[in-house]
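Work through the exercises below with the model open. Try each task before reading its solution.

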Amino acid sequence: RQVAGAFVQSKASWGIFDLIGAARYDNYHLEGGETELDGSRASPKLTAGVTPLTGMTFFATYAEGYRAPAVTETLISGFHPQPAPFKLLPNPDLSPEVAHNIEGGVNLKYDRIFTANDAFRAKFTVFQNQVDDYIDAVYTPFPLPWGQLQYQNIAEATLEGIEFEGTYDAKSWFLAVGAHRIRGTNDTDGTPLTTVPADQITLTAGMRWMDGKLVTGVRTRFVAAQKDVPDAALAVDGYTVADIFAQYNYSDDLVFNLNVDNVFDKEYVQYLDQSN
């Protein structure tokens, strides 16, 4: 699979107003066995922003996107591993996605709130994405007992949702929050899309030691149950998982990282993974 792209952007400002125009050109070529696919497209993007108060910027964006089918979506076949060994079917006839996205929101940026060195950053976004030829995982319960799954093009699909990310950094310690809630609909029959992630909130807290050379922290993910699926066999329960991490910056050229995932050994099933 070969993917190439080029991107150009320009920005103009008039007082509290900003206007950003951009365009991206994408080209792909996928080949495997008797399958050979290629395509290209130029996609525009336009963003308008206004900053009525220092540190607060409201923005609105219209953007088009182009996504080529992946190798795993077109060529992979076989059986999914236990405990849900459904059959995976290849689809060499997949077309690329073309998306038309509208989003709006607010960016917050403030320094020296409580101390001379602290900083707060946050971004809240609401979006609606209409996609032609959306590539979705389509599951059918037959043949028994496990059924089969194949990636297929959905003629028209809509994804909409909200996203939030925020960070408070006091230099010696920091706290970050990230969250999303996304819904996806097959517009041809009104059913939910398969490849939409479950609602999630992620909290990260950390400390800096030794003049910032050592960073330690904990990350907790609160993942909701995913029941809004086209087939009940794909539904999973919610879960909460905690990880710990550490990073030591020995020098500009040498960094040591340590991660311990799922420190409480919580048993859970990740959506669309179907393995513990």
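**Exercise 1: Strand pairing**

Phe-222 stands opposite Thr-240 in β13. This is a predicted model: local features need pLDDT of at least 70, side-chain atom pairs count only at pLDDT 80 or more, and totals for chains, interfaces and linings use all residues. Residues are numbered from 1 along each chain as its sequence is written, and side-chain values use heavy atoms, with hydrogens and water left out.

Task: find how many bridges join β12 to β13, and how many join β13 to β14.

Solution. 
1. Strands are DSSP runs of E with at least two residues, numbered from the N terminus. Two of them pair if DSSP finds at least two bridges between them.
2. Strand β12 covers residues 214-223 and strand β13 residues 239-249. Ten bridges join them, and they run antiparallel.
3. β13 and β14 are also antiparallel, with six bridges. Phe-245 has Asn-259 in β14 as its bridge partner.
4. Five residues separate β13 and β14, which form a hairpin.

**Exercise 2: After β14**

Solution. 
1. Val-263 sits in the segment after β14 (255-260). Its relative accessibility is 33%, so Val-263 is partly exposed (buried is under 20%, exposed over 50%, partly exposed in between).
2. Asn-262 is also placed in the segment after β14.

**Exercise 3: Aromatic pairs**

Task: classify the ring pair of Phe-114 and Tyr-168.

Solution. 
1. Rings of Phe, Tyr and Trp (its six-membered ring) pair if their centres lie within 6.5 Å; planes under 30 degrees apart are stacked, over 60 edge-to-face, the rest tilted.
2. The structure holds five such pairs. In Phe-114 and Tyr-168, the centres are 6.1 Å apart and the planes at 70 degrees, so this pair is edge-to-face.
3. Phe-114 is in the loop between β7 and β8 and Tyr-168 in strand β9, so the pair ties together parts 54 residues apart in sequence.
4. Phe-114 is exposed at 68%, whereas Tyr-168 is buried at 17%.

Technical notes. Helices (H or I, at least four residues) and strands (E, at least two) are DSSP runs, numbered from the N terminus. Buried means under 20% relative accessible area, exposed over 50%, partly exposed in between (1.4 Å probe, protein chains only).
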